Amino acid sequence: MAPAVTKTVVQEGSLRHRPKTLYCKICLADCPTKKGAILKSCGCFFCKECLKQYVAHAIADGSVLQIPCPDGVCPDKGDLMESEIADLIAEDLFQNFQKMRAIKEIQISKSKAFCPKPDCKGVVESIPGAAKEVCCSECGYSFCFACKGPWHPEKHCQNKGEKANGIKFFELVNGEEVLVEIKACPTCQVLIQRDEGCAQMMCGNCKHIFCWHCLKGLDSDILLRHYDKGPCRDKLGHSRTTLLLHRTQVVAGFVFFGAMIVIASPFLLVISPCFLLSKCLFRNKKEKSQ
């Protein structure tokens, strides 16, 4: 087991008396204070190069609504502020980040929606879930805010389209309405479209794993036993042979890593004290030389 690392937190009032180097918990090395950054929301210290890569990876992964402090055990659960993100990445990447964040905010909003007309990027606002007529300011298209279909003053939304988490969705293709499989993530409510394939879905925004058919969470169901019984039985989208092969691979993986831990345990018990001792001696010599 790796040794615990002490958390590095620097208070704003102690900036004048801070040491020349601080410990970065990303690269696990001492970093010159001038080449590091202190997060305003929690006071955690990291070197700027590590933060640049961390922020760039978060943006590429689609995590733009909230970029948390890289320290997984940060007591204040801080987040990177927009000004800090702007200082860390290039201007074009920051502009892309702002656009992605604006889109995500609209996707999870109950009172805002994108115009359903193809190639239109207009945004409308209305009462959440209300079957009211809204008009896109970009293209002038009028539609129902509840079901996203063409405005139907004398028709009920339930007579039109399929429901997905209480919302109906369709797509305009060559002027005709085509039903599409779109549902909202049960955790963050971001809209997800499924064209085909496996019914085990992962939200690209919050990484929540769930069943497409019943929206039940599958984060801890690594063997996919959810598809053995109940209304979702045999609805995974793969054959039973493929499912059994998956389970065999998972079990074999656990057995392999378990065997590796048993074999390596005596070696780790011997080498860990030596590693800790050498680390302490190295840091003591470095402090004396300074």
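Student: Are Arg247 and Asp228 buried or exposed?
Tutor: Heads-up: this is a predicted model, where local features need pLDDT of at least 70, side-chain atom pairs count only at pLDDT 80 or more, and totals for chains, interfaces and linings use all residues. Residues are numbered from 1 along each chain as its sequence is written, and side-chain values use heavy atoms, with hydrogens and water left out. Buried means under 20% relative accessible area, exposed means over 50%, and partly exposed lies in between, with a 1.4 Å probe and protein chains only. By that rule, Arg247 and Asp228 are both buried.

Student: How far apart are the closest N and O atoms of Arg247 and Asp228, and where do the two sit?
Tutor: They form a salt bridge, meaning a side-chain nitrogen of Lys or Arg within 4 Å of a carboxyl oxygen of Asp or Glu. For this pair, the closest N and O atoms are 2.8 Å apart. The bridge links distant parts of the chain, 19 residues apart: Asp228 is in the loop between strand E15 (209–211) and H4, and Arg247 is in helix H4 (residues 240–289). Helices (H or I, at least four residues) and strands (E, at least two) are DSSP runs, numbered from the N terminus, so the places asked for are the E15–H4 loop for Asp228 and H4 for Arg247.

Student: Which residues are linked with Arg247 in a network of salt bridges?
Tutor: One link is between the side chains of Asp234 and Arg240, at 3.3 Å, N to O. Asp234 is partly exposed at 45% relative accessibility, and Arg240 is partly exposed too, at 36%. The residues in the network with Arg247 are Asp228, Arg233, Asp234 and Arg240.

Student: What does the salt bridge of Arg101 and Glu82 tie together?
Tutor: The closest N and O atoms of Arg101 and Glu82 are 3.1 Å apart. The two lie 19 residues apart in sequence, so their pairing ties together helix H3 and helix H2.

Student: Is Glu82 buried, partly exposed or exposed, and what about Arg101?
Tutor: Arg101 has a relative accessible area of 15%, while Glu82 has 34%.

Student: What is Val55 in contact with, leaving aside its neighbours within four places in sequence?
Tutor: Contact means heavy atoms within 4.5 Å. With those neighbours left aside, the partners of Val55 are Ile67, Leu80, Ile85, Leu88 and Ile89.

Student: How many disulfides does the structure hold?
Tutor: A disulfide is a pair of cysteine sulfur atoms within 2.5 Å. Cys27 is in none, with the nearest cysteine sulfur, that of Cys24, 3.7 Å away. Cys50 is in none either, and its nearest cysteine sulfur, that of Cys47, is 3.0 Å away. The number of disulfides held by the structure is 0.

Student: Which cysteines does His152 touch, not counting residues up to four places away in sequence?
Tutor: You'll find His152 in the loop between strand E8 (142–144) and strand E9 (162–164). His152 is buried, with a relative accessible area of 9%. The cysteines it touches are Cys144, Cys147 and Cys157.

Student: What kind of aromatic pair do Tyr141 and Phe143 form?
Tutor: Rings of Phe, Tyr and Trp (its six-membered ring) pair if their centres lie within 6.5 Å; planes under 30 degrees apart count as stacked, over 60 as edge-to-face and the rest as tilted. The whole structure has 3 aromatic pairs. In this one, the centres are 5.8 Å apart and the planes 15 degrees apart, and the pair is stacked.

Student: How much of the chain over residues 250–278 is helix?
Tutor: An unreviewed UniProt entry annotates those residues as "transmembrane region"; such annotations may be inferred rather than shown by experiment, with feature names shortened and positions given in the numbering used here. The end C-alpha atoms of the stretch are 38 Å apart.
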